[in-house]
Amino acid sequence: MARCTAPVRGHSSASAAENCPACRGRGRYSGGYSAYGTHSSPSYTQSSGGSRSSGGGSGSRSVKAKWSREGSTVFYTPAEVRALTPIRNNVENLANEKPDLRDVFLCHAWDDRKGVAKDLHDLLESRGVSVWFSEKDAGLGVPLLRSIDKGLANSRVGIVLVTPALLKRLKSEGIADKELSALLARERLVPIVHDTTYEELRDVSPLLGSRTGLDTAEEPMADVADKLADLVAT
């Protein structure tokens, strides 16, 4: 019998779970498959041309989400589709109810504003995604929680760019669990981990760390931007 390769608290991401010989296809990752329940039909279609590689997480990305546009070249793991489906449902609902919202709100640490956060912002805008970005849309000194709340109110999806700088900021601001829980309950937040790990995020914010997202250690930032653009396309 294959043995699970996860630590006690679970796999760090959807892709890691898909590459575990014991958990592949079962959704055993830290975001919690059971939180989404079971579906009568999958929210993806299998690609006949997909391949699985033993060299890393990217090899298991062989399915297309049902929301992907015709001709899209974006592929996911089944676990990623399960995690992103509730967020996609909100995107579609908000597109009808509030068509003037931005596609994406990008939450980031102040120290990243001219580095990786700007890089992700530019990648998204080059793909036709409208981005709520603090460098353009928020004043100086806005508390992180208030920035997230305001950004989500004006956008369909919130992207939290988790870097070492953001982890320091989370520690210093001490966001209350109940406040962060209220934001996560909207099914509109996606963490993007860069130059750190989900384990380190959970040490600082167990609630945010419990939410499965994307990881630039498993795929390039350009591919992450492709998935986000695919997710919010209407």
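1. Let me begin with Asp122, which has a relative accessible area of 34% and is therefore partly exposed. Please keep in mind throughout that this is a predicted model.

2. Asp122 has a partner: its side chain meets that of Lys118 in a salt bridge, at 2.8 Å from N to O. The two residues sit 4 apart in helix 3 (residues 116-126), about one turn of the helix. Lys118 has 33% relative accessibility, so it counts as partly exposed.

3. Another links Glu199 and Arg202, whose closest N and O atoms are 3.7 Å apart; a salt bridge here requires a distance within 4 Å. Both residues lie in helix 8 (residues 198-204), and because they are 3 residues apart, about one helical turn separates them.

4. Next comes a salt bridge between Glu219 and Lys227, with 3.3 Å between the closest N and O atoms. Both of these residues are buried. Glu80 joins them as well, so do look at the three together: Glu80, Glu219 and Lys227 are linked in a network of salt bridges.

5. Turning to the rings, the count comes to 2 aromatic pairs. In one of them, Trp67 and Tyr76 have ring centres 5.8 Å apart and planes at 75 degrees, so the pair is edge-to-face; the angle needed for that label is over 60 degrees. Trp67 counts as buried at 10% relative accessibility, and Tyr76 counts as buried at 0%.

6. Phe105 and Trp132 also form an edge-to-face pair, because their ring centres are 5.0 Å apart and their planes are at 65 degrees. Phe105 belongs to strand 3 (residues 102-107) and Trp132 to strand 4 (residues 131-133), so this pair ties together parts that are 27 residues apart in sequence. Phe105 and Trp132 are both buried.

7. Finally, which residue lies over the face of Trp110? Arg113 does, at 3.7 Å from the ring centre. I would enjoy going through this contact with you, next to the ring pairs above.

Definitions and conventions. Residues are numbered from 1 along each chain as its sequence is written. This is a predicted model: local features need pLDDT of at least 70, side-chain atom pairs count only at pLDDT 80 or more; totals for chains, interfaces and linings use all residues. Side-chain values use heavy atoms; hydrogens and water are left out. Rings of Phe, Tyr and Trp (its six-membered ring) pair if their centres lie within 6.5 Å; planes under 30 degrees apart count as stacked, over 60 as edge-to-face and the rest as tilted. Buried means under 20% relative accessible area, exposed over 50%, partly exposed in between (1.4 Å probe, protein chains only). A charge sits over a ring if NZ of Lys or CZ of Arg is within 6 Å of the ring centre and within 35 degrees of the ring normal.
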